[in-house]
Amino acid sequence: MLLMPQTDWQWRYNDAYGVLSVSLGLEMEFLTPYKAKLLIPDALGNMEFSVEHAKFYIDLLDRVQKRLKITDAAAVQITLNATAAHFMLKPQMPKSWFFEASDICVFADMGKVFELKCHGERHLVMVVENGLQAALVMLLGKACDLGDGKRLGQFETIKVMHNRLHEPRINRQTVAA
């Protein structure tokens with residue numbers, strides 16, 4: 001079941017868990033992975049889920065469903081986290097040095113899915129904010145070890161230069177003749 005924005009949705013900082021959340025009505029609350037140090041000051045109180053947020057959420061939900069073969073619940077989870085990241089996180093500087101450069105120039109549109117290569121492993125990410133030279137991406141898969149004890153958890157974000165984004169591998173079946 002897809003959740004669509006309602007007038008009673010609200011951003012709030014959940015003190016019990018120490019993360020940003022979205023109140024989805026009287027009895028539901030969605031917790032993001034975003035802690036206070038990453039959030040803009042307005043996100044530390046209660047804030048309405050505005051028309052701009054709803055428009056972004058609906059547009060991105062449509063893109064996610066077209067680009068990823070996942071359940072409705074997973075699509076909502078990805079989209080709510082991406083909406084929170086897009087509107088509620090402080091700006092970041094690129095940290096491209098953790099990832100291998102790509103030989104191909106890509107067009108990093110919002111909601112587009114790419115891979116980052118780190119220590120020989122591929123990690124699926126989605127663009128949540130795009131700039132001229134860099135994009136803020138959200139990790140879709142399980143955690144990525146960056147090295148030096150640093151780790152990027154599922155749904156956490158990192159800003160990278162466009163030349164670090166790799167087109168996702170397509171699994172193709174080869175039939176022997």
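**Exercise 1. Decide which residues lie on each face of strand 2, and whether they are buried or exposed.**

Step 1. Take one side of strand 2: it holds Val19, Ser21 and Ser23.
Step 2. Check the cover. The model is predicted, and buried here means under 20% relative accessible area.
Step 3. Count. Five of the five residues of strand 2 are buried, so the strand is mostly covered.

**Exercise 2. Work out the strand order of the open sheet and find its edges.**

Step 1. Four strands take part, in the order 3-2-1-4.
Step 2. Look at direction: the pairing is antiparallel.
Step 3. Find the strands that pair on one side only. They are strand 3 (29-31) and strand 4 (47-48), the edge strands.

**Exercise 3. Trace how strand 2 is joined to strand 1 and to strand 3.**

Step 1. Start with strand 1. Five bridges join it to strand 2, and the two run antiparallel.
Step 2. Pick a pair: Gln10 stands opposite Ser23 in strand 2.
Step 3. Turn to strand 3. Three bridges link it to strand 2, again antiparallel.
Step 4. Name the partners. Ser23 stands opposite Glu29 in strand 3. Val22 has Phe30 as its bridge partner there.

**Exercise 4. Find the glycines with a positive phi in the two hairpins.**

Step 1. The hairpin of strand 1 and strand 2 has four residues between the strands. Gly18 takes a positive phi near 70°.
Step 2. The hairpin of strand 2 and strand 3 has five residues between its strands. Gly25, in the turn, has a positive phi of about 120°.

**Exercise 5. Describe the largest nonpolar core and say what supplies it.**

Step 1. This core has 37 residues. Trp9, Tyr34, Leu39, Tyr57, Ile78, Met126 and Met138 touch the most other members.
Step 2. List the suppliers. Strand 1 (10-14), strand 2 (19-23), helix 1 (51-67), helix 2 (72-88), strand 6 (121-130) and strand 7 (134-139) each give at least two residues.
Step 3. Find the largest share: nine residues, from helix 2.
Step 4. Another core, of 18 residues, lies apart from the largest one; Val127, Ala135, Val137 and Val160 are among its residues.

**Exercise 6. List contacts of Tyr34 beyond four places in sequence.**

Step 1. Tyr34 touches Gly18, Val19 and Leu20, among others.
Step 2. Its contacts also include Leu39, Asn81, Ala84, Ala85 and Leu89.
Step 3. Further along the chain, Tyr34 touches Met138, Phe155, Glu156 and Thr157.

Terms used: Residues are numbered from 1 along each chain as its sequence is written. This is a predicted model: local features need pLDDT of at least 70, side-chain atom pairs count only at pLDDT 80 or more; totals for chains, interfaces and linings use all residues. Side-chain values use heavy atoms; hydrogens and water are left out. A nonpolar core is a set of buried Ala, Val, Leu, Ile, Met, Phe, Trp, Tyr and Cys residues joined through side-chain atoms within 4.5 Å. Buried means under 20% relative accessible area, exposed over 50%, partly exposed in between (1.4 Å probe, protein chains only). Contact means heavy atoms within 4.5 Å. Two strands pair if DSSP finds at least two bridges between them.
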